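Visitor: Could you walk me through this structure? I'd like to go piece by piece and ask as we go.

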Amino acid sequence: MIESKLSDRALPPLPAAQDPAAWERERTSMLDILQREEYGRMPAAPAGVTAELLERDDSFLANRAVCETITLSFVAEGREYSFPIRVITPKLRRKVPYFVTLSFREELFDRYLPLEEICMRGYGVAVVHYKSVAGDDDDFAAGLGPLAGDRTRPDAPGKIALWAYAASRTADYLLTRPECDAKNLAVIGHSRLGKTALLCGACDERFRFVISNDSGCSGAAITRGKVGESLGRITEVFPYWFCPGYRKYAEKETSLPFDQHWLLALIAPRHLLVGSAAEDLWADPASEYLACCAASPAWRIYGKSGLKHFDRLPVPGEACHAGTVGYHLRPGAHFMARTDWVRYMDYIQANRAK
Ligand code: GCU
């Protein structure tokens with residue numbers, strides 16, 4: 001049944017490769033195509049980042065964690081940039097795996113971020129408030145905006161690329177911290193920030209876990225045959241999230257040289273986690289699940305399973321978490337729920353690098 005659902009979508013196949021070396025060559029050109037045609041060219045990484053500590057609370061979460069407010073700065077393309085992050089680290093005498101969490105809200109206490117529970121399970125959190133990196137609009141003058149360069153270029157980066165770039169700069173910094181468990185870094189985001197987490201994880205191989213919650217159109221969902229939001233609609237309402245050239249595929253999805261399963265496949269052989277919400281038809285859970293199925297052959301090149309899925313669509317409440325790709329369908333609407341976080345943490349616990 002899944003085979004026939006996938007063949008109905010008439011997806012461009014993943015490039016053929018017999019072994020990891022051949023796949024990695026293909027991977028480089030896939031990444032190039034996705035950047036050129038969809039998200040824009042990711043600016044080059046800076047030589048390094050510097051961190052300035054602005055505030056430190058040593059008795060955070062009833063004295064069980066440290067909360068630091070830090071400004072990260074770096075020089076890229078001849079100009080200095082900076083943005084703030086918040087780093088919450090549980091007080092443990094061992095290394096801590098961090099979530100780089102792309103956040104909609106500036107306030108730390110956010111009902112969509114069960115901070116205390118995450119910390120008590122032994123994870124650190126680095127919160128990047130996306131609008132503190134670059135506004136969610138077509139203004140490219142403030143924040144990291146100028147890094148996009150000339151936005152009349154068809155492949156100039158859009159805001160998703162800039163937010164993803166900031167998540168990678170956060171990883172640059174976290175990896176300098178002695179308590180950071182470098183082997184188990186995760187990047188996570190919801191919706192537009194789930195698209196961002198996927199792009200970040202596709203480009204930046206330091207993330208072992210790449211987590212997309214309800215990312216939908218131009219995120220984890222296949223574009224061809226998708227219900228709810230379409231490429232035409234997203235590039236009309238949010239053109240600045242993407243490179244200007246992406247819009248040329250509006251109502252012409254079948255001429256895209258790729259589909260979103262390519263983005264997911266770039267995460268192989270690392271772990272990809274996709275969460276959907278059953279009522280979120282705008283994002284289209286079935287198209288997210290099918291994208292995970294269609295991307296899975298990339299993991300098999302490395303001798304890994306990819307998504308261990310049913311030969312049918314999942315029903316609300318089900319999870320396929322036994323493979324290197326994980327998918328779950330939560331009952332309910334479009335948001336990042338505590339139950340999504342719990343699913344992701346359970347998966348990470350079972351798949352952590354020792
Ligand atoms: C809009 C947009 C989606 C996006 C969502 C969000 O609904 O159409 O593509 O994922 O906002 O970020 O919440």
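Visitor: Where is the place of Pro269?
Guide: Pro269 sits in the loop between H9 and E8, where helices (H or I, at least four residues) and strands (E, at least two) are DSSP runs numbered from the N terminus. A cis peptide bond, with omega about 5°, joins Ala268 and Pro269. Before we go on, this is a predicted model, in which local features need pLDDT of at least 70, side-chain atom pairs count only at pLDDT 80 or more, and totals for chains, interfaces and linings use all residues. Residues are numbered from 1 along each chain as its sequence is written, and side-chain values use heavy atoms, with hydrogens and water left out.

Visitor: What is phi like at Asn63?
Guide: Phi of Asn63 is near 75°, which is a positive value in a residue other than glycine. Asn63 belongs to helix H3, residues 60-63, and with a relative accessible area of 45% Asn63 is partly exposed; buried means under 20% relative accessible area, exposed over 50%, and partly exposed in between, with a 1.4 Å probe and protein chains only.

Visitor: And Glu77, what about phi there?
Guide: Glu77 is not a glycine either, and its phi is positive at about 45°. Glu77 is in the loop between strand E2 (65-76) and E3, and it counts as exposed at 59% relative accessibility.

Visitor: Switching to Pro90: buried or exposed?
Guide: Pro90, which lies in strand E3 (residues 79-90), counts as buried, with a relative accessibility of 4%.

Visitor: Which residues is Pro90 in contact with, leaving aside its neighbours within four places in sequence?
Guide: With those neighbours set aside, Pro90 is in contact (heavy atoms within 4.5 Å) with Arg64, Ala65, Val96, Cys119, Gly122, Tyr123 and Gly124. For Tyr123, which is 33 residues from Pro90 along the chain, the C-alpha atoms of the two are separated by 6.9 Å.

Visitor: Now the helices. How many residues of H7 are buried?
Guide: In H7, 10 of the 12 residues are buried, so this helix is largely enclosed by the rest of the structure. Among them are Leu193, Lys195, Leu198 and Cys200. H7 covers residues 192-203 and reaches 17 Å from its first C-alpha to its last, close to the 16 Å expected at 1.5 Å a residue, the expected span being 1.5 Å times one less than the number of residues.

Visitor: At what angle do H2 and H7 pack?
Guide: Helix H2 (residues 20-39) and H7 pack at about 145°, and their axes are 11 Å apart; the axes are lines fitted to C-alpha atoms, for helices over the stretch in contact, and angles run from 0 to 180 degrees between N-to-C directions. On the H2 side the contact is made by Arg27, Leu31, Gln35 and Tyr39, and on the H7 side by Leu199, Ala202 and Cys203.

Visitor: What about H10, why is it said to be largely enclosed?
Guide: H10 (residues 285-295) is described that way because 10 of its 11 residues are buried. Those buried residues pack against helix H1 (2-9), helix H9 (260-265), strand E8 (271-277), helix H11 (297-300), strand E9 (319-320) and strand E10 (325-330).

Visitor: And H12, which residues are buried there?
Guide: In H12 the buried residues are Asp340, Trp341, Val342, Tyr344, Met345, Tyr347, Ile348 and Asn351. Their cover includes strand E4 (98-103), helix H4 (115-120), strand E6 (186-190), strand E7 (209-213), E8 and E10.

Visitor: How many residues has the largest nonpolar core?
Guide: The largest nonpolar core has 95 residues, and those with the most contacts inside it are Trp23, Phe83, Leu144, Leu174 and Val187; such a core is a set of buried Ala, Val, Leu, Ile, Met, Phe, Trp, Tyr and Cys residues joined through side-chain atoms within 4.5 Å. Helix H6 (residues 159-174) gives the largest share of this core, 11 residues. A second, separate core of 25 residues includes Ile88, Ile118, Tyr347 and Ile348.

Visitor: Last one, Asp8: buried or exposed?
Guide: Asp8, in helix H1, counts as exposed at 64% relative accessibility. Asp8 and Ser255 are 247 residues apart in sequence, and their C-alpha atoms are 16 Å apart in space.
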